[in-house]
Amino acid sequence: MFKIGVREYSLVIMTTMNQPVPDNRGLFEALVGDGRPLLLLTGLALILSGGFAIFQSATGQFLPHDVQYLGMTAQDLCRLDQCRIVHFMFHDRVSFGGALIAVGSLYLWLVEFPLKHREPWAWWLLLVSGVVGFGSFPTYIGYGYLDTWHGVATLFLLPSFIYGMYRYFFTLGRPASIGCLLRPSESVLWSSIYGIGRACLLVTAVALLIGGLTIMTVGMTTVFVPQDLQFMGMSASELHAVNPHLVPLIAHDRAGFGGGICCTGITVFFCVWCGRRSRSLWQVLCVAGLTGFGTAILIHPIVGYLSFTHLAPAVFVSMIFLLGLVLCYKPMVSGIAFPTSDQVVTPTALPVEAEEEVPQVEDRDRYEIEIEAEHWAPGQWNPPDDNTDVVVQFRDGSRFVATFFTYQNITTLRTKNQQTGECMSGGYFWAIGMILIDEASRERIQQVVEHLLHSGEFRTIFRQLSP
């Protein structure tokens, strides 16, 4: 840490600010960045596509290419069988729209939170989820119907997604294999409230995966389950007699919906399994679950499809999911071990006398050190090349925080920023409460904290947290 007088420090800042800083990045390079903007675009496009599918169904109209393929409009088909065929098709499409919004929301969270912090599991999850999601596109082609709008959207999003994934892979500070998805973010006592809630969310994800695979398989084979035909009051052969293109179109909707549910299940499972508990994780799970289950369940009474055996599994799984959200609310939202920026009390907000109210310590028994990296998944903490928040809590309840960076990690971050364009392409780097250290291990951090306390420099570096 460099000690520079106030006047000298001000002079350095003014001189730097007066110098023009060239930015030699190209436009495309600046827009693409480290690849995350392209991945955010993918998530946003999925949300918009899902919203459009719901809106289109609410209007009671088929898409233009559907009308061209069938040779009849939704109103023409509605004149048959009390409009139940059309209602059945819209019930699939609304449910599919909800699944797309759920997946898109989860993608936005993955990119903005764990991926932003260079957590490898988030990259691998996006890869696996993307393969499943985009891979479900050809599942319905066996029936001879190619959705041109779906195909164009896929051709637009797929290159963007692939390049974003490729671009970000090289910025990961700790490259890891796909096996990192098998490591949980924390050890959980499964009999605790949080453990039971977490288990409920994981069970929900598995149920979605199984349900999605089942629907996708049905869409590729028989297309209908008995309850579907009972609701429409027609057999598959009778539907074929009405219009030979009708069954292939419905098969397309079913297979696509199954792929969306399958993708949602995979994404939810690993977000819960690998993600650190946080307010943002709880919120995105809430949005994804309420949107996905809400559209899939509520559309049934709207169209009059009220088969108990058909609805019961979805309702049962949704109740498990809601129970999981309720039980995880306090641990995720209120039980965060490490602070957000709004919890930090800046020095100007403290009274003058508080500057000297740092507890005097003579041994380590009078304070506890909590290291954020110890809550990471096994294998993610690399003490020689890493950074982590450190919270020191004293017996009187006061808590102070700082961020420890290793010298090697600064070099790693600068190399990454040179590639992504962040911080003027590696031209500078800063962090509030930053401490440089040779190795970010617990033993070394304890030695530094003890030294700062006894030297009287602790309060100069560490920031006090609000109660």
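**Notes on a predicted model**

1. Let's start with Arg-36: this residue is buried, its relative accessible area being 14%, and under 20% is what counts as buried. Bear in mind that the model is a predicted one. Arg-36 sits in helix H3, which covers residues 36-59. Looking past the neighbours within four places in sequence, you'll find Arg-36 in contact with Val-111, Glu-112, Leu-115, Lys-116 and Tyr-168.

2. Next, a helix pair. Two packed helices are described by the distance between their axes and the angle between them. For helix H6 (residues 84-112) and helix H13 (residues 279-303), the axes come within 9 Å and cross at roughly 180 degrees. Angles over 145 degrees count as roughly antiparallel, and H6 and H13 are therefore roughly antiparallel to each other. As for what the contact of H6 with H13 is made of, its residues split into 13 nonpolar and 10 polar, with no charged ones.

3. Now have a look at helix H17, residues 442-455.

4. Which residues of H17 are buried? They are Ile-445, Gln-446, Val-448, Val-449, Leu-452 and Leu-453. These cover an arc of only 165 degrees around the axis, so they lie on the same side of H17. Over on the other side, Glu-443, His-451 and His-454 are exposed.

5. What do the buried residues of H17 pack against? Their partners are strands S1 (367-371), S2 (387-394), S3 (399-406) and S4 (434-437), plus helix H18 (458-461).

Technical notes. Residues numbered from 1 in each chain as written. Predicted model: local features only at pLDDT ≥ 70, side-chain atom pairs only at ≥ 80, totals over all residues. Heavy atoms only, no water. Buried < 20%, exposed > 50% of the residue type's maximum accessible area, 1.4 Å probe, protein only. Helix = DSSP H or I, 4+ residues; strand = E, 2+ residues; numbered from the N terminus. Arc of directions from axis to C-beta. Contact = heavy atoms within 4.5 Å. Axes fitted to C-alpha atoms, helices over the stretch in contact; angles between N-to-C directions. Parallel < 35°, antiparallel > 145°, perpendicular 65-115°, else oblique. Nonpolar A, V, L, I, M, F, W, Y, C, P; charged D, E, K, R; others polar.
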